[in-house]
Amino acid sequence: MAASAKSFLADAGYGEQELDANSALMELDKGLRSGKLGEQCEAVVRFPRLFQKYPFPILINSAFLKLADVFRVGNNFLRLCVLKVTQQSEKHLEKILNVDEFVKRVFSVIHSNDPVARAITLRMLGSMASIIPERKNAHHSIRQSLDSHDNVEVEAAIFAAANFSAQSKDFAAGICNKISEMIQGLATPVDLKLKLIPILQHMHHDASLASSSRQLLQQLVTSYPSTKMVIVTLHTFTLLAASSLVDIPKQTQLLLQYLKNDPRKAVKRLAIQDLKLLANKTPHTWSRENIQALCESALHTPYDSLKLGMLSVLSVLSGTIAIKQYFSSAPGTATTTARSLDLVKLAQECCYHNNRGIAAHGVRILTNISASCQEKDLLPLEQDAVFGLEALLVLCSQDDSPGAQATLKMTLTCMVKLVKCRPHLSQSVVESLLTQLHSAQDAARILMCHCLAAIAMQLPVLADGMLGDLMDLYKLIGRSATDKKQELLVSLATVIFVSSQKALSPEIKTVIKQQLENASNGWTAYRIARQASRMGNHDMARELYQSLLTQVASEHFYFWLNSLKEFSHAEQCLTGLQEDNYSSALSCIAEALKSYHKGIASLTAASTPLNPLSFQCGFVKLRIDLLQAFSQLICTCNSLKTSPPPAIATTIAMTSGNDLQRCGRISNQMKHSMEEFRNLATRYGDLYQSSFDADSATLRNVELQQQSCLLISHAIEALILDPESASFQEYSSNGAAHVESEYERRMMSVFNHVLEEVESLNRKYAPVSYLHTACLCNAVIALLKVPLSFQRYFFQKLQSTSIKLALSPSPRNPAEPIAVQNNQQLALKVEGVVQHGSKPGLFRKIQSVCLNVSSVLQSKSGQDYKIPIDNMTNEMEQRVEPHNDYFSTQFLLNFVILGTHNITVESSVIDSNGIVWKTGPKTTIFVKSLEDPYSQQVRLQQQQGQPPSQQQQQRTAYSRF
């Protein structure tokens, strides 16, 4: 007994992870059959976790049928547990294969004499509406239960009616009149009417239904003026308009009318809330008159809470296309300027309001106007925005309450936006931030450091001026080890790294290390080292990783830190490169490669089955190969001196008709070198395509590495191999305006410089001269002198997406082949589940999954027949869109040739921008193609010299059926 009880305790029991899907289901089934109610309930509520762990239809179908049995025969408490499980597992409902059987078992309870059991059944049917939208018996039961005398049953029927109305057009059209009668009927109590009205928000399946629902709601608004009725009706009105789209302008006018004329604060609040919903959903439908009316209401209201709400709507609109429509004056309208001033007047009035929230929204509106309407001369507005931001900064940085922090975040976001679109304001904004840093609270300082880092990234000119103030502040941070202090140390160090554009001075390093020794824990030191690696300060990072090596508890962490230390040391070796000094460049690259090889060995040791570090290993291996290619290129360039062309090179070139032969062996070496760089560029492209979960900065970093490979291969071609046909148009600098980081900025300037050098040399001198080789070597050194940035995805995975595939038929033993007759086709069903981490869709979302199925003949058996090439292999591709993270499709495969075939199913994903990402996984199964019995018999008879009998001659493959 104790053992059976124990197996149901502790959701994450140790033994549970070893169970496969069937064992886990049997374990729960044992609990369902238990005689004790507690154990039955515990088994029921553990089903959602089972679905999460094994999200494939075969298990989910069996599990839901078992739950339906419990629902049919259990008591009301068990039914309630099953209902909750069904509602929690809504996205798995469509994987139920025997829907009829499942519904039949659940539906049998609707005929119970117990109204509570009927109510739970109705709620259960409502929760299943997505898979049974057109079941007439369910529709009929809901209509009947709406007339019940039991309140619990009626409320359940209303819940079910709302869910079915959302899914089924027929049900919505049929129930609309019934709902209308009940709402208008005098016998229906008011609280029931309040619950019935929201059903009308789902009547948007066609225009006539939406129109009749709007008319009914219009009548209700005028017929029932009580506060509760008006609030519920208006909100339903808004949701219906938002779904049906055609009536949004009318709805905006109606809400503005209530906001202006209705004296009740509750109704005004509801109107503001709904206006915000419409502003977020469809800002393009807001006319100048709508915005003007909202401004007038905000100017005239005496209540701060309502003014805050109206300003929040205006601040949402000010960041969209609506603000441009508001300011674009139609020709011939003299009143436009006065109108335009109302919004500005309101924002200026609110900038210095004693309510923080109102002031923040006022400043945000001014910032958005300055950013959106750049063609207009808005100097007074810009100044107002800056002064308002500075006032809010002073106010909020002294207060560490959550409200003040939220306002400060909004203020700092506005500062970054304003500096980005109006760079001439940056100096005053940075000065006010630095001044305020000294007196601010720790929580505010952290946010202000993030803001300074963002501004310094955009405008590196300002960075040097910050350094002195930041260092003074860094020295003053107290020695307390609170979380805020640790966070502040990291944030300040980040700004210092961003500000010191070149290498860190020894004084800065000393100050940072002293503070870390005094006041920090190991995690803070690691985070600062990580930031140093991202900003290219590898010397500092190496020292910090070295100090942390002995402070970790697991060998995997030790190897991880050791690998980071070696990579930082390797990159530090490359900082000593000098132009025109090629022998020292070769020794620096050799030293860097030595450290990189040590690091990759350590990195491989740090990987685990759960965390294979595939991106990190791929990135570092490519870096090693790139450094080796650079080293080889410098050696090749030097070979012009060590092994010049022989005297007969010109004669060989004339004889062979290849002009490059007169350069001697360097021409072939350069050709190999160019191919190697192109190959590296392709591999960087593959790494990019496999990094679906990476942030944009990491992807840009990989792209820059790829571009540097293409640049060198292009330079080799343009200078040496084919100067005549080299084109520089496609390599012209584009995108320089959208540079996001200092690393990218420096790489782009190197790219442009190298292209200019190559273009100036191209066609001036015949290849190969010392000028050409010097140009190539200097290009390599210029690229390597930019310190490599190890971006966020190298250290941290914010988004996690993986695909799990299941193939059927599948063999019991993976090495065992599936038997198929060669005159039949194999129907291969591929099912898949998309699994997400804690932040799904943070950087990009999956639009569809591309499945590629291919088969290869591994070993033949029997005679070689002449078979068309088409029948030799199977190569198919299908795109499927996941629904609730599940997808399935089928392939028909031919195996005409006898023998063992290897089938590979590979998945890749397509994001919402149509970009293909090779995420995997790749699954393999084996199929053995066997000769069908009749053909075998005919062949044997032919071998023995017997003519086949008449009866056998008439048999076909279909006669067996």
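This is a predicted model: local features need pLDDT of at least 70, side-chain atom pairs count only at pLDDT 80 or more; totals for chains, interfaces and linings use all residues.
1. Residues are numbered from 1 along each chain as its sequence is written, and side-chain values use heavy atoms, with hydrogens and water left out.

2. Strand 1 and strand 3 (residues 825-836) pair in the antiparallel sense over eight bridges, where strands are DSSP runs of E with at least two residues and helices are runs of H or I with at least four, numbered from the N terminus, and pairing requires at least two DSSP bridges. Ser802 stands opposite Gln835 in strand 3.

3. The open sheet has three strands in the order 1-3-6, with antiparallel pairing; its edge strands, each pairing on one side only, are strand 1 (801-808) and strand 6 (886-894). Neighbouring strands of this sheet are turned by 25 degrees against each other on average, direction ignored.

4. Helix 6 (residues 76-88) and helix 8 (residues 115-127) pack with their axes 10 Å apart and at an angle of about 10 degrees, the axes being lines fitted to C-alpha atoms, for helices over the stretch in contact, and angles running from 0 to 180 degrees between N-to-C directions. Helix 6 and helix 8 are therefore roughly parallel to each other, a term for angles under 35 degrees, as against over 145 for roughly antiparallel, 65 to 115 for roughly perpendicular and the rest for oblique.
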